[in-house]
Amino acid sequence: MGTLVLLSGGMDSAVAAAWAKRTLPPPYHALSVDYGSIHNERELSCARKIADLLGMEWHQASVVLPHGMASGLLKGHEWSQRLAEGEHARERGLPVSFVPARNAILLSLAAGLAYSLSLRHIVGGMHPGDNFGYPDCRQQFLQSMERALQLALDEYPLQFHFPYHTLLQGEGDAVEAKATVIRLAQHMDVLPLLKYTHTCYQGQYPPCGQCAACQLRAKAFERAGIADPLLTG
Ligand SMILES: [Zn+2]
């Protein structure tokens, strides 16, 4: 038994972690991974704080991705400027914020740690992929990863949980999907937790307010009719 949450330090995984504590059995652990993104440093300090507030034991991992991995989220990549300019730019049909196979990497690390700690449940804040155009958030991929990792661990009975897949069912646009996360936080009475989440692609605190992620967060709070605790202090 026991539960491991993939905790990035963003809103989606923070609220998913709060959901996990209400829904799944203890003990509770959280895993945060530095994969070399522009915003990892700020995100990781947020993740540590959120895990602390939720009473989860925090684990950190670092992955050095090969030079040449193409994503505007990664330090030093030429696409990062396109994210900074606030456009939802695409490359080969996918957003420039897409990190190739990121969720395959993160879920593999989580499965290995869960196995080592004898935890059965793994929770992620992934949305149904089509809201954001990330194929490694789609249900078919996530279910396949669950099965692949059970096999990798000699039929260890891992169970994956993605609360937004149930709540959103692939419907709605990206703003509505984020607004749903905010409403869930309000429903669970954990809105203050969002004060400690990080969203800005630039890794800035206070957030830049200009990048695509900052703009999406602002629109989502507006849609939900709730003030952002990060900005209101
Ligand atoms: Zn920003």
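Alanine 101 is partly exposed, with a relative accessible area of 40%. (Buried means under 20% relative accessible area, exposed over 50%, and partly exposed in between, using a 1.4 Å probe and protein chains only.) Alanine 101 sits in the loop between strand 5 (94-95) and helix 4 (102-116). Helices (H or I, at least four residues) and strands (E, at least two) are DSSP runs, numbered from the N terminus. The phi of alanine 101 is positive, about 65 degrees, although the residue is not a glycine.

This is a predicted model: local features need pLDDT of at least 70, side-chain atom pairs count only at pLDDT 80 or more, and totals for chains, interfaces and linings use all residues. Residues are numbered from 1 along each chain as its sequence is written, and side-chain values use heavy atoms, with hydrogens and water left out.

## Other backbone exceptions

Aspartate 154 also has a positive phi, near 55 degrees, and is not a glycine. Aspartate 154 lies in the loop between helix 5 (139-152) and strand 7 (159-161). With a relative accessible area of 70%, aspartate 154 is exposed.

Two cis peptide bonds can be pointed out here. One joins proline 26 and proline 27, with omega about 0 degrees. Proline 27 is in the loop between helix 1 and strand 2. The other runs from tyrosine 205 to proline 206, with omega near -5 degrees. Proline 206 is in the loop between helix 7 and helix 8. Most residues other than glycine have a negative phi, and most peptide bonds are trans.

## The zinc site

Four cysteine SG atoms coordinate the zinc ion: those of Cys200, Cys208, Cys211 and Cys214, at 2.3 to 2.4 Å. Donors are N, O and S atoms within 2.8 Å of the metal (3.2 Å for Na, K and Ca); water is not among the atoms, so sites may look incomplete. The angles between the four donor atoms are 104 to 117 degrees, which makes the arrangement tetrahedral. Four donors count as tetrahedral if all angles lie between 85 and 135 degrees.

Along the chain, the donors follow the spacing C-x7-C-x2-C-x2-C. Cysteine 200 and cysteine 211 both lie in the loop between helix 7 (174-187) and helix 8 (212-224), so the pair ties together parts that are eleven residues apart in sequence. Cysteine 200 counts as buried, because its relative accessibility is 1%. Cysteine 211 is also buried, at 0%.

## Strands and crossover

Strand 2 and strand 3 (residues 57-62) run parallel and are joined by six bridges. Two strands pair if DSSP finds at least two bridges between them. The bridge partner of leucine 31 is histidine 59 in strand 3.

Strand 2, helix 2 and strand 3 form a right-handed β-α-β unit. A crossover is right-handed if, with the strands pointing away from the viewer, the path from the first strand over the helix to the second runs clockwise.

The largest nonpolar core has 38 residues. Such a core is a set of buried Ala, Val, Leu, Ile, Met, Phe, Trp, Tyr and Cys residues joined through side-chain atoms within 4.5 Å. Val15, Met56 and Ile182 have the most contacts inside this core. Helix 1 supplies its largest share, eight residues.

Beyond its neighbours within four places in sequence, valine 15 is in contact (heavy atoms within 4.5 Å) with Tyr164, Val181, Leu184, Ala185, Met188 and Leu194. A second, separate core has 37 residues, among them Leu31, Leu106, Leu119 and Met126.

Terms used
Tetrahedral: all angles 85-135°; square planar, octahedral: opposite > 155°, others 65-115°.
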